[in-house]
Amino acid sequence: MAQKFYVVWEGRERGIFTDWDRCKAQIDKFAGARYKSFKTRAEAEAAFRGSSEASIGKPHKAVARNTGKVPRTYSAAEVAELPVHTKIFADGGCEPNPGKAGSGVAVYRDGLVDELWYGLYNPRGTNNTAELNALHQALLMAEKEIESEVTVAIFCDSRYAIQCVTQWAVSWEKKGWKKPGGDIKNLDLIQPAYALFTRLKKSVQVLHVNGHTGLEGNELADRMSIHGIDTKEKAFARYETPESLDAVLAMRKG
């Protein structure tokens, strides 16, 4: 049987898969799932980027109900195996909470650390505002990756930030940015991040990982968020990546 390549545009995990069972696991009972098989990897990669979806044909749609479940957590092994070129890890920190807040990002390309970023210091922030800021910066970086026609995924350890931007904001927008019981907290941060995600969602995955479990990308982003607090860097600045990452990992944790 000839090898097939399965593209999942909308599912539990987006990407290109080489066997049907893994593809099915992403789309089965997933609301709004979109997928299609291709004969060659080149066609699959082009379709995943969105450059040839229209010319190749419409993707299949899986029928499923919206369960409203929280984002599932990806293991370190799953992160490593995810078939994307650029992996962006975002994290925020706050000491105490509320208190001094900072955000950090670690960017991997082809499996290697390529960029570290820190800053967005806020002396009166919260952990949630720091996480939202970090996710927004990761989306801005993802936008540039997509413009360069490479595949990209974002990893964040804040379910709150992920759900605000990828799930809850959909309903809030329809209801005039209101919710029963009071105002939406951090709306000034949620709205621009949601607007950006809405433009990019066909091309970028925003996935949850657990924090402080030894996942290198998450640990590096954590150190950068605390470095932002320690340096009181208000901008989002690039950290000069050392030859050895041990020095960064030895920095103060969040």
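1. Helices here are DSSP runs of H or I with at least four residues, and strands are runs of E with at least two, numbered from the N terminus. The model is a predicted one.

2. Helix α8 covers residues 216-231, 16 residues in total. From first C-alpha to last, α8 reaches 22 Å, close to the 22 Å expected at 1.5 Å a residue. The helix is mostly covered, with 13 of its 16 residues buried. Just after α8 comes Lys232, whose phi is positive at about 55 degrees.

3. Helix α6 (residues 159-174) packs against helix α7 (residues 187-200): their axes come within 9 Å and cross at roughly 85 degrees. Angles of 65 to 115 degrees count as roughly perpendicular, and α6 and α7 are therefore roughly perpendicular to each other. On the α6 side the contact is made by Tyr160, Cys164, Val165, Thr166, Ala169, Val170, Trp172 and Glu173. From α7, Ile190, Ala193, Tyr194 and Phe197 take part. By class, the contact residues divide into ten nonpolar, one polar and one charged.

4. Strand β1 (residues 5-10) is largely enclosed by the rest of the structure, because six of its six residues are buried. Buried here means under 20% relative accessible area.

5. β1 pairs with two strands. With β3 (residues 33-38) it runs antiparallel, joined by five bridges. With β2 (residues 15-17) the pairing is also antiparallel, over three bridges. β1 and β2 form a hairpin, with four residues between them.

6. Tyr6 takes part in both pairings: its bridge partner in β3 is Ser37, and in β2 it stands opposite Phe17.

Notes:
Residues are numbered from 1 along each chain as its sequence is written. This is a predicted model: local features need pLDDT of at least 70, side-chain atom pairs count only at pLDDT 80 or more; totals for chains, interfaces and linings use all residues. Side-chain values use heavy atoms; hydrogens and water are left out. Axes are lines fitted to C-alpha atoms, for helices over the stretch in contact, and angles run from 0 to 180 degrees between N-to-C directions. Angles under 35 degrees count as roughly parallel, over 145 as roughly antiparallel, 65 to 115 as roughly perpendicular and the rest as oblique. Contact means heavy atoms within 4.5 Å. Ala, Val, Leu, Ile, Met, Phe, Trp, Tyr, Cys and Pro count as nonpolar, Asp, Glu, Lys and Arg as charged, and the others, Gly among them, as polar. The expected span of a helix is 1.5 Å times one less than its number of residues. Buried means under 20% relative accessible area, exposed over 50%, partly exposed in between (1.4 Å probe, protein chains only). Two strands pair if DSSP finds at least two bridges between them.
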